[in-house]
Every structure is written in C-alpha cells, then in structure tokens.
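Please walk me through this predicted model.

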Amino acid sequence: INDGVIMSNKNLPHNIKITDLSEISDKDLCLFINKTDNLNDPFVSINNGTCDCGFVLDVKEAESPQTIHIKNISSKAGFYQNRQIFNISKNVKVTFIESFEGYSEQFNNTVSQWEVEENASVDKYSFGSRAGSHKNSQSVFSEFVEQNKNSICNFYSFYFNEGELGFYGKIRNNILFNLVGENIKSNQWSVSLLKDECFVDNDVRTRHMYPNCSSSQVYKGVYNDKSKGRFDSCVYVAKDAQKSDTVQSNNNILLNDNATVNSNPQLEIFADDVKCAHGSTIGQIDRNALFYLRARGIGEVLAKKLLLTAFIGDIIENINNLDIHSLVSEEVEKQFHN
C-alpha cells in the first residue's frame, strides 16, 4: 500500500480478494462504520467521517495455510486517514505480516477491523509505527477484532528504534477484542525497545462474552533515555462467561532515571467460575544478576545485553513462524549494541 493506494492486486490466490475502499458501495462502507460508531473515541469518529483511503481484504478457506505480507509505504508528509477491513472466513488458517515505511513528518490515524469467523486461525505480526521513522511523526491505531466460536488469534507487535524495522515518534494503540462465541483463544504479545523520546501507548480491552474462552495480554518494554511507555488494559468477563481463563502481564525495565512507564492492568469479573490473573512490574536491571555475570569475566555491555535479551525471551519463543522468529531475534540483537 503506497500512500493508501493498492499497488498490486494481480496474481493473488483465488481465495483472496483485496478491494480499494473507494470501490465499495456507500451502503457496505456504512455497515463497517456503524460497528465502530458507538465507541465514543474522537479519533475513531474522525476516521468514520473522513477516511479517504484503505482496503477490504477477504480471505476464504484454502487447502493449506497461507502468509500475507502487507507493506505500507508513506512517502509524503501530511495527515492520513486509513481504514483496513479484514474478513476472515470459516476454517481459514492465515498469517499476516505488517510492516511500515515512512520518512516524512506525518500524522496517521488508522482504524483496523477484523471479523474472524468460526474455526479460523489468524497469526499477525506487526513491525514498527504506521507513521514511519520520522521523529516528529505520530500514529493513532484503533484495532477492533471480533472473534467467533472456536477461533484462534495470536497478535504480535514489535516496536524497535534500531535496525531495518526501527521507527521514531509517538504511537497510541487502541485495541479491542470481542470474544463472541465459545472455545475462543485470543493472545497478544508485544515488545517495546525504545530510546530517545519515543512513546508507545497501549490501551487494550478484551471482552469475554461466552463460556470456555481464554485470553492473554503479555506486554514487555525496555526504556532508555527519555522514552515513555504506557499500558492500560482491562479484561471484562460477562456474567455468563463461565470457565473463562485470562492473564494480563506487563513487565518493564527502565535503563535510566529519565525514562518513564505507567501501567494499569484491570479486571472486571461478573462470573464466579473463572481463572483470572494480572500483574505489573517496573524496575531496573537486576544488579545481583549483573554482578554474577561480571564476576565471571563478562563485560558490562555484553552482560546487560544478555539480561535484557533474556527478559523478553519468552515472547520471542512464543513466535510460531520460524522465519519470523529468526528475523525478530536478529533485530533484537541490533537493539543492544552499546
């Protein structure tokens, strides 16, 4: 996608169709907009009224799992209003990779909607900021995922300041997962490795509306210089959503006194037969562990790198795709070079 324009729609598999937002009918567009119209979010409201670029991506069942790479390129400065609509049909098994390039100062306001039908399985890997790598760029990303019964979603997000996947600027993520059927699995993993004055703000909501569903939100961050992080997460368990199982975890390391993190995990539980846990930590590198490594002849820079890599290692190990696992491991190496 180049400045909101679909660059290639040729030679797609027969089960995949991508349609430019300008080509769908006003009636269909209104149906999508109406699903987000009651969220009382000013950025969503602005996008609902003025979005001028985006796409609808339909994925039907195929004989084998597929991988789709969506590369977003923003070459011009300005204010972008994007809409992304993903319709994932029954029994689909698909992996999405999102990457972003942009070097001009811009403000990007994106709304992403997902309809994941029953028995579908979606893995999504998102790298970097929708506003690109300019230090004054800002991005607001509102993502709404509706999962139906027996579906599985594994969503990963990585925010690095170094390497080919690096970005600069400020990001706000508004994420809502609605679990509207039984036996759903919904997992989120996120890693932020930030420096300078970068800011990643995560506002996460998960709603358990039916029994026998599980969810997790595992967010980790390492913050240097004047970088900032925020984690505000709420899991809602409805009265009839018995046997729900959910975990919220937010762990952060501050590398100096100028970096800051705000963390606020919350649970709203109205069922009585559930398994719910949440936790949050904010601290510095373990001095005892650092001393242990230094005492065995490992230099300070390498010792810190080993400890920080181990700190986020559980998220890396949960990556299902071997190629992406290798890619992320290589990019993590680039973050701790000094």
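**A guided walk**

Aspartate 196 is partly exposed, at 34% relative accessibility. Buried means under 20% relative accessible area, exposed over 50%, and partly exposed in between, with a 1.4 Å probe and protein chains only. This is a predicted model, in which local features need pLDDT of at least 70, side-chain atom pairs count only at pLDDT 80 or more, and totals for chains, interfaces and linings use all residues. Residues are numbered from 1 along each chain as its sequence is written, and side-chain values use heavy atoms, leaving out hydrogens and water.

Aspartate 196 sits in the loop between strand 11 and strand 12 (199-208). Helices (H or I, at least four residues) and strands (E, at least two) are DSSP runs, numbered from the N terminus. The phi of aspartate 196 is positive, near 50 degrees, and the residue is not a glycine. Aspartate 225 also has a positive phi, of about 55 degrees, although it is not a glycine. Its loop runs between strand 13 and strand 14 (228-237). Aspartate 225 is partly exposed, with a relative accessible area of 29%.

Now follow strand 13 itself, residues 214-223. It runs parallel to strand 15, and ten bridges join the two. Two strands pair if DSSP finds at least two bridges between them. Tyrosine 223 has leucine 254 of strand 15 as its bridge partner. Strand 15 also pairs with strand 17 (residues 275-283), in the parallel sense and over nine bridges. There, asparagine 250 stands opposite serine 280 of strand 17. How enclosed is strand 15? Eight of its ten residues (245-254) are buried, so the rest of the structure largely encloses it.

Next comes helix 2, residues 42-50. Its buried residues are Val44, Asn47 and Asn48. Seen down the helix axis, they fall within an arc of 100 degrees, so they line one face of helix 2. The arc is that of the directions from the helix axis to the C-beta atoms. The face turned away from the buried side carries the exposed residues Pro42 and Gly49. The buried residues pack against helix 1 (26-34), strand 4 (78-88), strand 6 (106-116) and strand 8. Contact here means heavy atoms within 4.5 Å.

Where is the empty space? Rolling a probe the size of a water molecule over the atoms shows where it is left. On a 1 Å grid over the protein atoms alone, a cavity is a set of points where a 1.4 Å probe fits but cannot get out; a pocket is an open set with protein on both sides within 12 Å along at least five of seven lines; lining residues have an atom within 4 Å of a point. Grid points are joined across faces, edges and corners, and a volume is the space filled by probe spheres set on the points.

The largest pocket has a volume of about 550 Å³. Its lining holds 24 residues, and Asn224, Leu255, Ile285, Lys304 and Leu308 lie nearest its centre. Strand 11 (185-194), helix 3 (287-294) and helix 4 (300-311) each give two or more residues to that lining. Helix 4 gives the largest share, five residues.

The whole structure has three cavities of 30 Å³ or more. The second largest cavity has a volume of about 120 Å³. Of its 16 lining residues, Lys124, Glu143, Tyr156, Ser157 and Ile175 are the closest to its centre. Strand 9 gives the most to this lining, with four residues.
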